[in-house]
Amino acid sequence: MLDIKYIRDNLEDVTAALAKKGFQFDSAAFMEMDERRKSAIGNAQSLQAEKKKASKQIGALIGQGMSPDEAKAQVMGGIDSDITLAEAAMKDAEAALRDFLMAVPNLPNAEVPEGANEDDNVEVLVWGEPGKFDFEVKDHVDLGEPLGLSFEAGTSLAGTRFAVMSGKIARLHRALAQFMLNTHIDEHGYEETYVPYMVNREALQGTGQLPKFEEDLFKIPQAQGDKDFYLIPTAEVPVTNLMRDAVYDGELPIRRVAHTPCFRSEAGSYGRDTRGMIRQHQFDKVELVHFVQADKSVAALEELTGHAEIILQKLGLPYRKVVLCGGDLGFSASKTYDLEVWLPAQDKYREISSCSNMTDYQARRMQARWRNPETGKPELLHTLNGSGLAVGRTLVAILENYQQADGSVVVPDVLRPYMGGIEVLQA
C-alpha cells in the first residue's frame, strides 16, 4: 500500500507514475476521501478535548456542593454520544480510504521502461547458446510420456492442467527441487523455511493478491470456523507474512527459501499453453524471499536475481534476462527482472523466474517493520521475492534441451548425485 502522506504531497507525480503501469489513479476520489478522513479525525479529537475540559468543570461543581449526577448532566450534555458517533465516522472514513488504497498498485521504479505489455520488455542479458540438433526436436510432452509423465492421468484425477509424474521423471522433478534448495542454502546463505499451503485472507491482502486478484486463487470456504482459506499461489505469500505485525530487532538482511506446491486458477489464460506443463493449476516452485532495509533493496534485487541465474547456469540452460516494462509490471512490484529459459520445441524463450523488488509496499500493508539500531525506532522493511526456480518449467527445459535423437534425455551433471548416479533417462 502506498503512503498516504507521500500521495498527498506528490499527487501529480504519483498519478503519472501509476499511468506508466497502465493504472488510472482517481486523484479526485483520493483527495475527497483524504479530506473526509482528516475532518473526521479532527472532529473526534476536538470532542475528546471538549470532554476532558468538561471533566474539570464537573469537579469544580461538585466542590461547590452539586451532586455528581447533576454536575455531569449540566456539563456533559450529549457529549459521550457525540464522541461515539464521531469515532464511528472516523473509522468509516479511514476504512474507505484504506479500501481505496488497497486497490492501488505500487509505484514503478524510475528505471522501469515505458511499455504496454511483454513485447515492450527490455533484454539486458543473454547467457548460453541454444543447442543445435541434427534431428527433429520433440517437445516435453512427447519426451516425457515414455519416462512417466501423464497428462491423461492428471485429467482423470482432477481435470485439465494437471499432471501425474511417475518413476524416472518424478525422481528428476524431486532432484531439481533438492538441488535448488541445497544451492540456495549452502552457497547463497538462505534459511530453509516450511510453510502452510493454505493461508487466510489477511495474508493475501498483505502481499497484494487480494482484493484485486481473487479470481486467480483457489478458495476453500469455511476451512476453519467461519474463515475462508486459500491455496497459496506462491510461497511468497506465507513466507513474507511471517513478518506481519512484527518489529524485528535482529540483523538484516533476512533471506528465506521455501519449496512448495503453488495453486493458480489461470483465470485469464483460457486457450493459452493448453499443451503440457507450462501453465498448470498445480506446480512446484522454490521461492526466494528477502527482507532488507530501505536503502539496500535496489542492490538486493540484483543479488536475488543473480542467485536464480546461477541455478540456470549450473544446469547449463540457455536463458535471457529482461527488465519488465511498466505495462507488464506486477501489481505489488516496483521493478522486476524475468528470466526466460530457451525451449527448443517452441523455438523461443519462456519465463522461468520472476524476481521483484516490492519496496515498502507489502510491508506497509502488513505492518512488517524492523528496529533501526541507530534511532531505536521501527521502520518499514523492504521485501523482495523471486523464483529460484519454477521446478516444473525447469523440468520442461531440461527435457527439451538435453534430448537425444532416440528420445532419451541426458541428466545434467549437477543433478546426477540426486539421481543415484543415473546419467541418461530412457524408457
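Predicted model: local features only at pLDDT ≥ 70, side-chain atom pairs only at ≥ 80, totals over all residues.
## Overall composition

The protein contains 13 helices and 18 strands. Its C-alpha trace spans about 105 × 45 × 45 Å along the principal axes. Of the 427 residues in the protein, 47% are buried.

## The eight-stranded sheet

Eight strands are arranged as an open sheet with mixed pairing, in the order β1-β11-β12-β13-β16-β10-β9-β4. The edges are taken by β1 (122-127) and β4 (191-192); each has a single partner strand, so one side of each is left without a neighbour in the sheet.

Strand β16 (residues 382-390) lies between β13 and β10 in this order. The strand is mostly covered, with nine of its nine residues buried. Towards β10 (residues 282-292), β16 pairs in the antiparallel sense over seven bridges, and within this pairing L288 stands opposite G386 of β16. Towards β13, the pairing of β16 is likewise antiparallel, and it runs over three bridges.

Residue S356 belongs to strand β13 (residues 348-357) and has N385 of β16 as its bridge partner. S356 has a relative accessibility of 6% and therefore counts as buried, the limit being under 20%. The C-alpha atom of S356 is separated by 8.8 Å from that of S332, a residue 24 positions away along the chain.

## The three-stranded sheet

A further open sheet consists of three strands in the order β8-β14-β15, and its pairing is mixed. Here β8 (246-248) and β15 (378-380) stand at the edges; because each has a single partner strand, one side of each lacks a neighbour in the sheet. On average, neighbouring strands of this sheet are turned by 40 degrees against each other, direction ignored.

The pairing of β8 with β14 (residues 368-371) is parallel and comprises three bridges. Y248 stands opposite W370 in β14.

| Strand pair | Sense | Bridges |
|---|---|---|
| β10 and β16 | antiparallel | seven bridges |
| β13 and β16 | antiparallel | three bridges |
| β8 and β14 | parallel | three bridges |

## Cavity and pocket

The model has one cavity of 30 Å³ or more. The largest cavity has a volume of about 40 Å³ and is lined by N109, V298, L301, E302, K335 and N357. Helix α11 (residues 297-315) gives the most to this lining, with three residues. By class, the lining of the largest cavity holds two nonpolar, two polar and two charged residues.

The second largest pocket has about 210 Å³ of space. Its lining is formed by L2, D3, Y6, N106, L107, P108, N109, S334, T359, D360, Y361 and R364. Five of these lining residues are nonpolar, four are polar and three are charged.

## Local contacts at helices and loops

Just after α7, G159 adopts a positive phi of about 110 degrees.

T234 is located in the loop between β7 (227-231) and α10 (236-240).

Notes:
Residues numbered from 1 in each chain as written. Heavy atoms only, no water. Helix = DSSP H or I, 4+ residues; strand = E, 2+ residues; numbered from the N terminus. 1 Å grid on protein atoms, 1.4 Å probe; cavity = no way out; pocket = protein on both sides within 12 Å on 5 of 7 lines; lining within 4 Å. Points joined across faces, edges and corners; volume = space filled by probe spheres on them. Nonpolar A, V, L, I, M, F, W, Y, C, P; charged D, E, K, R; others polar. Pairing = 2+ DSSP bridges. Axes fitted to C-alpha atoms, helices over the stretch in contact; angles between N-to-C directions. Buried < 20%, exposed > 50% of the residue type's maximum accessible area, 1.4 Å probe, protein only.
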